[in-house]
Amino acid sequence: MDSHTVAAQTAETAHVDHEHPPYLRHHFVNVEQQRETATFGMWLFLLTEIMFFGGLFCAYLIYRNWYYPAFVAGSHQLSIFLGTLNTAVLIASSFTMAMAVHSSEVRSRKALITWLLATIFLGCVFLGVKADEYHEKWEKHHVPGLNFSTADFTHPSKDYKDDKLAPDMAEKTQVYFSLYFAMTGMHALHMIIGVSLLTILVIRAWGGAYVNGHVAPIENFGLYWHFVDIVWIFLFPLLYLISRHQ
Amino acid sequence: MSTIVKLPDQSTAQLPKVSYLNKEYGLKSWLLTGDHKRIAMLYLISITFFFFIGGAMAGLIRLELLTPPSDLLAADTYNKVFTAHGIVMVFLFLVPSVPATIGNFLIPIMVGAKDLAFPKINLLSWYLYIVAGSMIIFTLVAGGVDTGWTFTTPLSTHYLNTHVITAGLAVFVAGFSSIFTGLNFIVTIHRMRAPGMTWFRLPLFVWSHYAASILMVLGTPVLAITLVLVVLERTIGIGVFDPTKGGDPLLFQHLFWFYSHPAVYIMILPGMGVISEVISNFSRKRVFGYTAVAFSSVAIAVFGFFVWAHHMFVMGISNYSALVFSLLTMLVAVPSAIKIFNWSATLYKGSITFETPMLYAFGFLGLFTIGGLTGVFLGSMGMDIHLTETYFIVAHFHFVMVGGMLMAYLAGVHFWWPKMTGRMYPEGVSKLAAVITFVGFILTFFPQFILGYLGMPRRYAAYPPEFQVLNVFSSAGASVLGIGYMLPLLYLTWSLKYGKIAGANPWQATGLEWQIQSPPLTENFIETPIVTHEAYDYEWLESKKGSEVPTVG
Amino acid sequence: MAETKHIDEPTHHEEHIVSPGLYMIIGSLLLICTAITVGASYIDLPGDLNAVVALGIACFKATIVVLFFMHVKYSSRLTKLTVAAGFFTFIVLIMMTMTDYASRAWGRW
């Protein structure tokens with residue numbers, strides 16, 4: 001029984017001595033434990049995201065091997081300028097997000113709000129460019145299943161004359177565009193969710209949250225945001241940069 | 001010594017005044033709870049409901065298969081029935097059964113914590129399960145799905161006009177329910193253990209759930225993306241699995257089985273955790289080779305990721321990769337066998353008593369071994385070519401899942417029933433039910449091994465007349481099995497009001513959960529426990545009993 | 001009493017605050033790598049080297065994001081192990097699926 005009494009005492013006194021911030025949930029012993037479990041939980045969620053996108057990357061790898069010429073031709077139809085721009089935008093947004101975490105760590109409310117707003121802005125720029133790209137794909141009949149036409153590949157225009165494909169390989173460009181839309185679409189969905197969550201965080205930060213030591217939500221959202229950036233870091237060369245020298 | 005456990009004198013036994021069950025009243029306090037024990041109870045009720053729906057489907061299957069022609073059900077309807085049976089039993093029963101009910105209830109208590117790491121996510125997990133279940137019920141009512149639970153392409157993507165999309169999305173949602181449960185367990189086990197509770201003092205139940213949770217977190221997302229692709233293929237026609245557009249239907253199978261093979265380990269590992277606890281307690285002996293059993297759980301989880309294509313040997317994969325997968329399949333059987341050896345060694349020279357949980361555990365040992373061995377037979381390519389898509393496969397997985405996992409689940413429900421409800425179930429009836437289940441199971445599924453190697457294909461509503469005798473045995477067994485499963489529903493419900501009061505530790509078991517009251521308080525422990533003894537330390541329990549007043553209610 | 005040590009005491013890794021200067025360096029490095037990767041795609045390299053270079057640069061970029069933006073370099077061993085486990089499982093999915101696709105062309109036996 002003695003060990004129990006000792007435990008009760010140390011737990012009690014520890015409880016009183018530590019600050020007991022309002023954001024400490026009662027099934028946790030202290031703030032440190034809460035912060036570490038939250039971060040660990042977010043990392044496990046990111047693992048599920050790795051495997052979720054992993055299935056798509058697996059499909060991409062297989063079909064790129066099988067239909068390389070179709071993938072080259074399809075890739076050339078994407079705007080390398082917009083793709084590079086979007087990559088730069090996302091990298092910048094990762095920087096602003098890291099700075100937001102930093103602001104929360106040094107407890108600076110104004111800086112936190114500024115950096116969060118900057119991240120939202122950059123996220124929206126990315127989504128806007130993506131929407132424009134999708135629109136262009138729709139106009140050019142490159143949307144699989146809905147209005148797909150292989151005319152651009154069997155009878156290419158002057159700018160793309162090196163991309164002429166035989167009819168059966170031209171059919172396979174639909175696989176490329178399926179993967180393009182599935183992968184960038186899934187990525188864009190994650191961006192939309194991210195921007196929505198950011199909006200909530202900014203509103204709460206405006207009300208004074210996250211600058212009183214409660215860094216975990218900003219930090220863990222940052223992990224999610226950086227992960228979405230990493231997915232794009234891989235999507236960009238795989239989709240946009242297939243053999244630009246041809 | 002009698003095999004019936006000695007219960008406290010009922011006239012003086014009382015339930016504790018305050019417990020998690022009566023701390024708060026009202027529907028909202030249950031539907032918006034963060035208490036892992038209440039969530040476990042919510043799961044228990046929902047899982048039981050879906051089990052009986054799946055069971056009804058099984059009943060229809062066995063009724064149809066009494067006679068060779070497809071006379072009770074048309075072939076299309078039969079397809080819908082076995083699909084429903086598969087989806088409901090796999091995703092709505094087997095995957096969440098032990099983790100979401102017993103695991104949710106016990107993991108925090110066993111590690112010495114007040115709750116899981118993320119109580120709200122735990123509740124979300126249950127709601128996702130309910131949404132998934134509702135969507136499946138919708139598909140049943142609205143006309144069914146007939147792809148088989150495996151959604152194989154191109155059948156599911158191009159040749160059917162049943163509710164594949166709804167079913168696929170339902171499984172997607174159920175998958176996330178599973179992921180969140182697993183995530184919660186991993187974080188809790190890593191970060192919320194009580195002082196003194198080192199990894200190697202944890203009950204093996206916790207180790208099994210840890211291994212299963214790793215599989216849930218890493219494997220289930222691949223199923224999720226696969227189902228998304230099937231939905232996109234059906235709706236927009238993207239062509240990723242369509243040969244006419246350049247896709248490969250086999251890619252679906254790779255991605256599907258990448259999850260679904262680890263899924264069978266997700267299903268069995270928690271059950272194995274239950275068996276460790278039950279065998280130890282009813283032999284009054286620590287589990288032999290604790291470290292081996294703990295590491296073999298993790299080994300099963302890791303190796304389980306390397307063997308999925310053994311479900312695809314005849315589907316068109318290259319023989320070279322089939323060879324690799326076959327070899328690895330042989331390896332993955334080793335950790336499971338290690339566990340069986342260790343449990344047997346635990347029994348050796350133990351003081352064995354035959355309470356109901358132990359009866360189920362013995363059933364598990366025999367039936368899982370048979371099921372597992374037949375799995376090894378199927379892992380060798382030469383055998384598999386003959387046996388695949390026959391009733392041999394059906395018998396194999398029912399032996400491991402029903403003879404193994406379901407028995408382990410029932411063992412766990414009976415073992416921890418006193419802890420969860422404060423009441424004992426009636427021992428006589430429960431033993432009868434266990435024996436009925438065992439006999440019914442053998443009668444149902446053993447003939448199916450024979451049917452399989454004689455060549456009867458699976459998923460067929462009609463079969464050649466020479467197979468009828470064995471099918472009749474199987475259907476007869478199914479009715480016995482049905483009785484065996486109905487009985488616990490009845491007497492466990494009965495025990496809630498009329499069962500004997502259990503007290504804190506009716507089984508004289510070790511483990512933190514048995515040192516607190518039955519049913520537990522909402523916060524589990526009055527003060528944080530400090531752990532100084534190893535797992536399954538019966539000497540410690542003996543010495544503890546000597547210095548304290550036995551708690552009766 | 002050694003037994004009463006809080007075994008899940010935090011390892012105080014999160015006390016380390018990464019400086020904005022380091023973030024700027026990493027951000028610039030990422031932009032430079034992007035430019036290199038775009039440039040490299042215009043050069044005709046022998047065999048599959050284009051893909052190798054592109055993926056290699058992408059892996060490098062991902063690594064520095066994980067280590068510095070996501071603070072993994074300053075995190076506990078558990079975090080590092082978790083990240084590794086995720087990538088390991090992803091590699092298993094890719095590699096073992098490829099054993100089938102790569103060997104189909106080898107014929108029956």
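Start with chain C: the C-alpha centres of its domain 1 and domain 2 lie 20 Å apart. To colour them separately, select residues 18-70 for domain 1 and 74-103 for domain 2 of chain C. Keep in mind throughout that this is a predicted model.

Next, show chains A and B together. Across their boundary, 33 residues of chain A are in contact with 36 residues of chain B. On the chain A side, select helix H1 (2-17), helix H2 (31-66) and helix H8 (173-206), the elements that each give two or more residues to the side touching chain B. H2(A) gives the most, with 17 residues. Colour this side of chain A by class and you will find 18 nonpolar, 12 polar and 3 charged residues.

Stay with chain B and select residues 164-191, which form helix H7; B:Ala174 lies in this helix. B:Ala174 counts as buried because 26 C-beta neighbours fall inside 10 Å, against a threshold of 20 or more. Show its contacts beyond four places in sequence: B:Phe91, B:Leu92, B:Tyr129 and B:Ala132.

Last, move along chain B to helix H15, residues 427-454. Draw a distance from the first C-alpha of this 28-residue helix to its last: the span is 41 Å, close to the 40 Å expected at 1.5 Å a residue. Select B:Gly455, which follows H15(B), and check its backbone: phi is positive, near 110 degrees.

Definitions and conventions. Residues are numbered from 1 along each chain as its sequence is written. Chains are lettered from A and ligands numbered from 1 in the order in which they are written. This is a predicted model: local features need pLDDT of at least 70, side-chain atom pairs count only at pLDDT 80 or more; totals for chains, interfaces and linings use all residues. Helices (H or I, at least four residues) and strands (E, at least two) are DSSP runs, numbered from the N terminus. A residue is buried if 20 or more other C-beta atoms lie within 10 Å of its own, exposed if 12 or fewer, and partly exposed in between; C-beta atoms are placed from the backbone. Two residues are in contact if their C-beta atoms, placed from the backbone, lie within 7 Å. The expected span of a helix is 1.5 Å times one less than its number of residues. Domain bounds come from an automatic or database domain assignment. Ala, Val, Leu, Ile, Met, Phe, Trp, Tyr, Cys and Pro count as nonpolar, Asp, Glu, Lys and Arg as charged, and the others, Gly among them, as polar.
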